[in-house]
Amino acid sequence: MSEQPVPILMYHSVADAPNDATRTLSVAPEAFAEQMALVAESRFTPVTATELAAHWRGGRPLPPRPVLITFDDGYEGVHRHALPLLARHGFPATLFVSTGWLRGAHDTGGGLDTMLDWPQVRRLAACGVEIGGHSHTHPQLDQLDDGALAEELSRCTEIVAGEVGARPVSFAYPYGYSSRRVRAAVRAAGYAQALAVGNGLARRAQGPYALRRVTVRRGTDAEEFTRLLRGRALGRTFARDRALTRGYALVRRARQAGLVVGKAGRPRG
């Protein structure tokens, strides 16, 4: 069984004119096209989250130089801009949807920009995109009590199953935040694997419920993207992110312990 580390690319929006709330994590369509061309030229082979986890669980073979292309939240540009490029290259991908953010009967109004609707999600699924869960309303799951956590997971799972016709088996934690309790709840909800952030390569030793991803941003140029694919200089590239993550972790642990935390210390995501 291969123990090779695998890059998991984390995208959010793909848009020409994103709003202020999504701009930093929104990739321009032209940049996304260049990045997918680099994946192809570098002879990486995209697989889904389920395929990667199945390999590491049971020895199912992976192709040489595997990579995962993932999208969080459910922005409309994934259908408009990303899908034609994925189809052109024959690339599978994984989309993690926050069901309460998508347009349609379950919309809670929380979406940060123009979101997918369910016919578009079904079209993505029909074209080889795995549809995974990303909670219902995109909260920080480690800050919820057990009842609210279970509701976020079950509501998301039920809606995806009803709308797409297949129960989701892969999950991504909103903001990348999890804890042992959250991971146990995700497993109990029927998910076979879950992805965090971490801005490092995914490794089998991380376990199926804490697989790391690397963030692709609007400012990620071709040189940096190539480094992400090859797992080079990730510590330097994401040094600021990791420092912020450590600070946020202290704040969240203090909240969970019932300590009073000032408003200025709250993480944003």
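In the predicted model, F71 is in contact with residues from several parts of the sequence: leaving aside neighbours within four places, its partners are Y11, H12, V14, F32, V78, A82, L86, A93, T94, L95 and F96. Apart from the core to which F71 belongs lies another core of 13 residues, including L68, A172, A202 and L211. The largest nonpolar core comprises 55 residues, and F71 is one of the members that touch the most others, together with L9, Y11, F32, I69, Y173 and V186. Two of these, Y11 and F32, are also among the contacts of F71 itself.

Over the protein chain as a whole, which has 269 residues, 49% are buried. The chain contains nine helices and 10 strands. Of the contacts with a separation of 6 or more, 63% join residues 24 or more positions apart.

Two helix pairs were examined. Helix α5, spanning residues 146-164, packs on helix α6, residues 180-188, with an angle of about 40 degrees and axes 10 Å apart. Because angles under 35 degrees are required for a roughly parallel arrangement, α5 is oblique to α6. The crossing of these two helices is right-handed. On the α5 side the contact is formed by D146, L149 and L153, which meet R181, V182, A185 and V186 of α6. By class, five of the contact residues are nonpolar and two are charged, with no polar residues.

V78, H79 and L83 of α3 meet Q120, R123 and L124 of α4. The contact of α3 with α4 divides into three nonpolar residues, two polar and one charged. V78, which contributes to this contact, is also one of the contacts of F71.

Helix α2 covers residues 49-58, and its buried residues are A49, L52, A53, A54, H55 and W56. The helix is followed by G59, which has a positive phi near 85 degrees.

Notes. Residues are numbered from 1 along each chain as its sequence is written. This is a predicted model: local features need pLDDT of at least 70, side-chain atom pairs count only at pLDDT 80 or more; totals for chains, interfaces and linings use all residues. Side-chain values use heavy atoms; hydrogens and water are left out. A nonpolar core is a set of buried Ala, Val, Leu, Ile, Met, Phe, Trp, Tyr and Cys residues joined through side-chain atoms within 4.5 Å. Buried means under 20% relative accessible area, exposed over 50%, partly exposed in between (1.4 Å probe, protein chains only). Contact means heavy atoms within 4.5 Å. Axes are lines fitted to C-alpha atoms, for helices over the stretch in contact, and angles run from 0 to 180 degrees between N-to-C directions. Helices (H or I, at least four residues) and strands (E, at least two) are DSSP runs, numbered from the N terminus. Angles under 35 degrees count as roughly parallel, over 145 as roughly antiparallel, 65 to 115 as roughly perpendicular and the rest as oblique. A crossing is left-handed if the near helix is turned anticlockwise from the far one by less than a right angle, and right-handed if clockwise. Ala, Val, Leu, Ile, Met, Phe, Trp, Tyr, Cys and Pro count as nonpolar, Asp, Glu, Lys and Arg as charged, and the others, Gly among them, as polar.
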